[in-house]
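Me: I would like to go through the labels attached to this structure and ask what each one rests on. Please set the values against the cut-offs where a cut-off decides the matter.

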Amino acid sequence: MSLMDALPTPRLRWEGWHPNVVLVSLSLIMLAAFWLLDVVSMAPNRIVLGTGHGALEAFGWPGALLATLLLSFIGILACQPTHRHYRALFAAVIVIMALMPVGLMASSYLLIDPEMPQARLGMGAAYWVVLFVLLLCLVELRLRLNLTRIWPTLWLCGVALVWWLCAAFGLETLALVQEFKARDQQFLSAVAQHIKLVGIAVSVSIILGLALAMLMRRYARLQKGAFAVLNFLQTIPSLALFGLLLAPLAWLAANVPFLAQLGVSGIGTTPALIALIGYSLLPIVRNTYTALEQVSFDTLEAAKGMGMRAGQRFWQVRLPLALPVLLEGVRITTVQAIGLTAVAALIGAGGLGTFIFQGLGQAAMDMVLLGALPILMLALVVDAGLGALAEALRPGGTR
Amino acid sequence: MIELSHVSKRFGDETAVDDISLRVPKGKFCALVGTSGCGKSTTLRMINRLIEHSEGDIILDGQAIDAYDPVKLRRRIGYVIQHTGLFPHWNVARNIGLVPRLLKWSATDVQSRVAELMHLLGLPVDEFGHKYPHQLSGGQAQRVGVARALAADPDILLMDEPFGALDPITREKLQDELAKLQARLHKTVVFVTHDMDEALKLADHLVVMREGRIVQQGSPLALLQSPADPFVESLLGGLERGLKQAALTRVKDHMTSMGPTLPAQSRIPGTFSLRQALSMMLRDHSDRLTVVDQHDVPVGELSLRRIIKEAQLDNGNPRE
């Protein structure tokens, strides 16, 4: 205790007042976006560019006021960041996200003339900004509340369900919904095809990658060469790789009937899978190799000293301890593959990328979104799910 | 019994262990002491074949260790290492039950053995059984390490600086517990440490190593009385050597019967060491102590003169 501690200082008054700057700023950004940017856009038909509408036009006075209150609420609570307030903030973010489609319904009611069946509503810049910033808030709150990944994800699934229900009952005017309704069968099969491509590519890479990582551990010389090749593969732009595969695969299909029967051809699923696997191998092999090598020497030496055989040491000690990092590799790979598969649509492999490229061709941005949003959601869900699994498998169960 | 005769270990051109011979009779506690890099750990790890020796013979219960299957050999030797080497993904109970499970004991046998050991090491099963290593303090973790080594009731225990990473208070406590445990279990122990006090406190047989060779070996008292060279003497603490020697001698072995004079005020239990007796004399400004038994009944007395004389006798110096 020094004398200085006993003296009052001007700073004293501000002690105990530590607002969460991140959340306060995010709240202000959302308020600014809400009032300054277009909340929704309205177009008389599919091709014509929509006209933007601000908060008052979109929601009317009461709606705009309610939205402003809700968004300010986040900033106000964040000024006194206690644990209870963080919980309240978490709930508020979820509620706002779930209310957003309801807001769209209100705009639809206010803005769209029932006499115009072709008219469609689009989400404006403010909507996207608020949605994105709310997700950032969730990330911050997850850290503050020390939550595992799984809880925010489950809540977000709930929010997605609300959006889905609103879209299905009462948001027929939303452009995205119209795009979906025009090709719902096509959409579902595209999602299925996308997941199929990613699933096959990732599972094959896991098997190949594990085998390769094992071989590298056994034959040190292989390690440098293999990493060099995989790194090189990773640097080829995806479109170029698809192009490079076209000629040799077409030749193979033409000259080896057996392969042609298996479905090998210059375009379509085969080159897409080969390219996806090529890209996926590096993160899997790298993470598997590092994961297996980083297991503490002491632990393995103890296992040996206790009389565990080589196989027992591997399966009971090395592999379980490596699993979290290994799964991290699977997570990175899967998320990467989900994105790359979109490009595979260009060589006729199908998947959600189809909508993106068709939409771009037709200058129909809503159709692009119909492809892009599910890809984003798939990536988020896989990321959260595998992340949660890796967390759960961390040594000692608990964190 | 463990016997090493003319054992050497070479790594390439480097000789880590150079022609050492030593014998640890059954039930004895042998400490290998030396500065880091002197080959003590290598010697230990050659016994359970984590390192294969290059020359000489290591005999375990009458049979050369090369004749054993290394895995089976290790399962009958308890092994404790400095950083515990506990498996972080297993709870305490599962860690302790490792070797019995490897030996294919039945689940109930493993369970009851784990409970028995945890009780023995003062870790209540209900409280600690389901904890993971990262939830334990250093001392608790090392207790689990010792329990794991004892799990299949091996005759031989190898301990590689087991308490090296602990704070002094915990270290001392665990040393005391190990001494008590050894008094009950009579394992054949080889214990590696760089802490001479630890070695003096625990060992029946002390082996001082330097640069891969044995410099001197013998009982702690023998080493204290006549260190072979300045290196051993400095390891033994130089000027403190007299006190260390006094710490190894019990009061009741040197007390005299009660004299005709009035008994001294200060009382000391007979089980205490001469070092503690000296300390008490300094504290109480007295050159005489009354020795008492466990019921605090006087049984003899101890004078400063007597302590000094005994030390002279022990050191082989003639009486004046």
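Me: Which residue does Arg267(B) stand opposite in E12(B)?

Reply: In this predicted model, Arg267(B) faces Thr290(B) of E12(B).

Me: What makes E11(B) and strand E12 of chain B a pair, and in which sense, parallel or antiparallel?

Reply: Two strands count as paired if there are at least two bridges between them. E11(B) and strand E12 (residues 288-292) of chain B have 3 bridges, and the sense is parallel.

Me: Why are strands E11 and E13 of chain B said to stand at the edges?

Reply: The sheet is open, with 3 strands in the order E11-E12-E13 (chain B) and mixed pairing. Strand E11 (267-269) and strand E13 (298-303) each have a single partner strand, so each has one side without a neighbour in the sheet. From one strand to the next, the twist averages 35°.

Me: How do you know that strands E9 and E10 of chain B pair?

Reply: The cut-off is at least two bridges. Strand E9 (residues 205-210) and strand E10 (residues 213-218) of chain B are joined by 5 bridges and run antiparallel, so they pair. Arg210(B) has Arg213(B) as its bridge partner in E10(B). The hairpin of E9(B) and E10(B) has 2 residues between the strands, and Glu211(B) has a positive phi near 50° there.

Me: What does UniProt place at residues 2-236 of chain B?

Reply: The UniProt record, an unreviewed entry, gives the feature "domain: ABC transporter" for residues 2-236 of chain B. In the model that span is 39% helix and 26% strand, and its end C-alpha atoms lie 26 Å apart.

Me: What confidence does chain B have?

Reply: The average pLDDT of chain B is 86, and 97% of the residues score at least 70. For the model, ipTM is 0.79 and pTM is 0.73. Where pLDDT is low, the predicted coordinates should not be read in detail.

Me: Turning to chain A, what makes strands E2 and E3 edge strands?

Reply: The order in this open sheet of 3 strands is E2-E1-E3 (chain A), with antiparallel pairing. Strand E2 (51-53) and strand E3 (120-123) of chain A each have a single partner strand, so one side of each lacks a neighbour in the sheet. The twist averages 30° from one strand to the next. Strand E1 (residues 40-43) of chain A pairs with E2(A) over 3 bridges in the antiparallel sense, and in E2(A) the bridge partner of Val40(A) is His53(A).

Me: Why is Glu179(A) called buried?

Reply: Buried means under 20% relative accessible area. Glu179(A) has 2%, so the label applies. Glu179(A) lies in helix H7 (residues 175-182) of chain A. Leaving aside residues up to four places away in sequence, Glu179(A) touches Arg46(A), Arg120(A), Asp366(A), Met367(A) and Leu370(A).

Me: How many aromatic pairs does the structure hold over all chains?

Reply: There are 11 aromatic pairs over all chains. One of them is formed by Trp164(A) and Phe180(A), with 6.0 Å centre to centre and 65° between the planes. Centres within 6.5 Å make a pair, and planes over 60 degrees apart make it edge-to-face, so this pair is edge-to-face. The pair links distant parts of the chain, with Trp164(A) in helix H6 (residues 150-168) and Phe180(A) in helix H7 of chain A, 16 residues apart.

Me: What makes the pair of Phe314(A) and Trp315(A) edge-to-face?

Reply: The ring centres of Phe314(A) and Trp315(A) are 5.2 Å apart and the planes stand at 90°, so the pair is edge-to-face.

Me: Are Phe314(A) and Trp315(A) buried or exposed?

Reply: Phe314(A) has 14% relative accessibility, under the 20% limit, and therefore counts as buried. Trp315(A) has a relative accessible area of 60%, over the 50% limit, so Trp315(A) is exposed. Trp164(A), at 52%, is over that limit too and is therefore exposed.

Me: Which residues form one aromatic cluster?

Reply: Phe34(A), Trp35(A), Phe59(A) and Tyr127(A) form one aromatic cluster.

Notes
Residues are numbered from 1 along each chain as its sequence is written. Chains are lettered from A and ligands numbered from 1 in the order in which they are written. This is a predicted model: local features need pLDDT of at least 70, side-chain atom pairs count only at pLDDT 80 or more; totals for chains, interfaces and linings use all residues. Side-chain values use heavy atoms; hydrogens and water are left out. Helices (H or I, at least four residues) and strands (E, at least two) are DSSP runs, numbered from the N terminus. Axes are lines fitted to C-alpha atoms, for helices over the stretch in contact, and angles run from 0 to 180 degrees between N-to-C directions. UniProt positions are given in the numbering used here, feature names are shortened, and annotations may be inferred rather than shown by experiment. Buried means under 20% relative accessible area, exposed over 50%, partly exposed in between (1.4 Å probe, protein chains only). Contact means heavy atoms within 4.5 Å. pLDDT is the predictor's confidence in each residue, from 0 to 100. Rings of Phe, Tyr and Trp (its six-membered ring) pair if their centres lie within 6.5 Å; planes under 30 degrees apart count as stacked, over 60 as edge-to-face and the rest as tilted.
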